[in-house]
Amino acid sequence: ETNETNETNETNEDEDTGDLSCCRLCGAHRTMDSITWGLLALALVLIIYSWVKSYLKEREEERRIEEEVKKAKWDAEKRQKLYRDMTLEELKEYNGVDHKPIFLATRDLIFDVTPNRDSYGPEGFGDGGYGIFAGKDASRGLAKMSLEDEDVEIRHINDISKYERETLDQWIDMFLLKYRVVGRLKDPVCGNVPKEKIERAKRDRAAGKDGSILPGGLGGKED
């Protein structure tokens, strides 16, 4: 009987030990589940935060672009009030300094190149920029593909080659497609652009012809 009692006690102790181990194991599982769910929740929060941040950034960029488009349109409308025929002396005022519009002339046509301020404004001086032509008759410089002061200050093109004349006309074709015509020079010395050429460019522009490409053959050898 004593042995049976001892065996019963040992069995009870084994059962208690098993129950305790089982409880510990269940507790460990619950702890791991809590950690796993916590990490999943944290990951979900981070994903949502990242998405919201990206969405807000995109919306901010869209609003910025919309504001720039509105400002550009408003600036263009204000500049159009300045459009007229003018002398070279009057043209000098529109050189982009102090945020003024940027006009330049080729032959007898005056173009509004303000939208390309990085190239033709004061910021465009040096490093191959065309800021040197702002507010001036750029005919000779563009014909000769030159940024030298002497080719900017000298207006006539009597001594340029056939190739350089063709280059100048290619620049004018590109300007007509890309920029608005302000008016004509009252005192041109480099010839006139035919009205038919301007009308043809208007039709090409309305048809969506690309005017962003520089004249073909630039930098090539003269014929």
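Asp 173 sits in helix α6. Helices (H or I, at least four residues) and strands (E, at least two) are DSSP runs, numbered from the N terminus. This is a predicted model, in which local features need pLDDT of at least 70 and side-chain atom pairs count only at pLDDT 80 or more, while totals for chains, interfaces and linings use all residues. Residues are numbered from 1 along each chain as its sequence is written, and side-chain values use heavy atoms, with hydrogens and water left out.

### Exercise 1. The chain as a whole

Task: state how many helices and strands the chain has, and give their pattern along the sequence.

Solution. 
- Start with the count: seven helices and three strands.
- Next, read along the sequence: α-α-β-β-α-α-α-α-β-α.
- Then take burial. Buried means under 20% relative accessible area, exposed over 50%, and partly exposed in between (1.4 Å probe, protein chains only). Of the 223 residues in the chain, 30% are buried.
- Last, take contacts (heavy atoms within 4.5 Å). Among those between residues at least 6 apart in sequence, 65% join residues at least 24 apart.

### Exercise 2. Helix spans

Task: check the end-to-end lengths of α7 and α6 against 1.5 Å a residue.

Solution. 
- The expected span is 1.5 Å times one less than the number of residues.
- Helix α7 (residues 195-206) has twelve residues and should span 16 Å. Its end C-alpha atoms are 17 Å apart, which agrees.
- Helix α6 has 17 residues and should span 24 Å. Its end C-alpha atoms are 25 Å apart, which agrees.

### Exercise 3. The faces of α7

Task: which residues of α7 are buried, and which are exposed?

Solution. 
- The buried residues are Lys 197, Ile 198 and Ala 201.
- Seen down the axis of α7, these buried residues fall within an arc of 100°, so they line one face of the helix. The arc is that of the directions from the helix axis to the C-beta atoms.
- An α-helix has 3.6 residues a turn, so residues three or four places apart point the same way.
- On the other side of α7, the exposed residues are Lys 195, Glu 196, Lys 202, Arg 203 and Ala 206.
- The cover over the buried residues of α7 includes β2 (109-112), α6 (162-178) and β3 (180-184).
- Just after α7, Gly 208 has a positive phi of about 85°.

### Exercise 4. Packing of α6 on α7

Task: describe how α6 and α7 pack, by angle and distance.

Solution. 
- Two packed helices are described by the angle between their axes and the distance between the axes.
- Axes are lines fitted to C-alpha atoms, for helices over the stretch in contact, and angles run from 0 to 180 degrees between N-to-C directions.
- For α6 and α7 the angle is about 50°, and the axes are 8 Å apart.
- Angles under 35 degrees count as roughly parallel, over 145 as roughly antiparallel, 65 to 115 as roughly perpendicular and the rest as oblique. Helices α6 and α7 are therefore oblique to each other.
- Their crossing is right-handed.
- On the α6 side, Asp 169, Ile 172, Asp 173, Leu 176, Leu 177 and Lys 178 take part. They meet Lys 197, Ile 198, Ala 201, Asp 204 and Arg 205 in α7.
- Asp 173 and Ala 201 are 28 residues apart in sequence, with 7.3 Å between their C-alpha atoms.
- Asp 173 counts as partly exposed, at 34% relative accessibility.

### Exercise 5. What covers α6

Task: which elements cover the buried residues of α6?

Solution. 
- The buried residues of α6 include Tyr 163, Trp 171, Ile 172 and Phe 175.
- Their cover includes β1, β2, α3 (117-120), α4, β3 and α7.

### Exercise 6. Loop residues

Task: is Ile 160 buried or exposed, and what does Ile 160 touch?

Solution. 
- Ile 160 lies in the loop between α5 and α6.
- At 7% relative accessibility, Ile 160 counts as buried.
- Not counting residues up to four places away in sequence, Ile 160 touches Arg 140, Ala 143, Lys 144 and Arg 165.
- The C-alpha atoms of Ile 160 and Arg 140 are separated by 8.1 Å, at 20 residues apart along the chain.

Task: what is the phi of His 99, and where is His 99 found?

Solution. 
- Most residues other than glycine have a negative phi, and most peptide bonds are trans.
- His 99 has a positive phi of about 65° although it is not a glycine.
- His 99 is in the loop between α2 (88-91) and β1 (103-106).
- His 99 is exposed, with a relative accessible area of 75%.

Notes:
A crossing is left-handed if the near helix is turned anticlockwise from the far one by less than a right angle, and right-handed if clockwise.
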